[in-house]
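Trainee: I am new to this structure. Can you show me how to read its features, one at a time?
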Amino acid sequence: MIPHRVRVSERATARLQFLKSKTGLTPNILSRFAFVLSARDLRRVSQVSADLSGQEFNSPTLFGDHQTLYELLLAKYVDHTGDDRDPATVIATHIENGLHKIGHVRSLLDVVALK
């Protein structure tokens, strides 16, 4: 279910670079946080960025050694919401939504305090 490549929007790419400069975490790690923060609510996120011309991640880089866990989370989300969009679009949408949720992060300590 996890696609081999996921591309995010230009806006998400800029936000990831900003957060990287503040926290020192790489965009793929920040994207993992953002994805989980958004998907855990199990509400359909319909806000889709028309522009998915930002950074592209391959799935092993984006999800790392825990790709199976992320795949289960995505499957639970799709099961619960009935979201039938392309999985890459769903993931990109959740990353975008999650980045909005961590907009207040200014340091690594702020990331640790995320709930």
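Mentor: Start with a loop. This is a predicted model. Thr26 lies in the loop between H1 and H2.

Trainee: Is Thr26 buried, exposed or partly exposed, and why?

Mentor: Compare its relative accessibility with the cut-offs. Buried means under 20% and exposed over 50%. Thr26 has 34%, so it counts as partly exposed.

Trainee: How far apart are the C-alpha atoms of Thr26 and Leu16?

Mentor: They are separated by 8.0 Å. Along the chain, the two residues are 10 residues apart.

Trainee: Now the helices. How do I describe a packed pair?

Mentor: Two packed helices are described by the angle between their axes and the distance between those axes. Take H2 and H4. Their axes come within 11 Å and cross at roughly 30 degrees. That makes H2 roughly parallel to H4. The crossing of H2 past H4 is left-handed.

Trainee: Which residues meet there?

Mentor: H2 brings Arg32, Phe35, Val36 and Ala39. H4 brings Tyr70, Leu73, Leu74 and Tyr77. By class, the contact of H2 with H4 has 7 nonpolar, no polar and 1 charged residues.

Trainee: How many residues has the largest nonpolar core?

Mentor: That core has 26 residues. Phe35, Leu62, Phe63, Ile91, Ile95 and Leu99 have the most contacts inside it. Helices H1, H2, H3, H4 and H5 each supply at least two residues of this core.

Notes. Residues numbered from 1 in each chain as written. Predicted model: local features only at pLDDT ≥ 70, side-chain atom pairs only at ≥ 80, totals over all residues. Heavy atoms only, no water. Core = buried A, V, L, I, M, F, W, Y, C linked by side-chain atoms within 4.5 Å. Buried < 20%, exposed > 50% of the residue type's maximum accessible area, 1.4 Å probe, protein only. Helix = DSSP H or I, 4+ residues; strand = E, 2+ residues; numbered from the N terminus. Axes fitted to C-alpha atoms, helices over the stretch in contact; angles between N-to-C directions. Parallel < 35°, antiparallel > 145°, perpendicular 65-115°, else oblique. Left-handed = near helix turned anticlockwise from the far one by under 90°. Contact = heavy atoms within 4.5 Å. Nonpolar A, V, L, I, M, F, W, Y, C, P; charged D, E, K, R; others polar.
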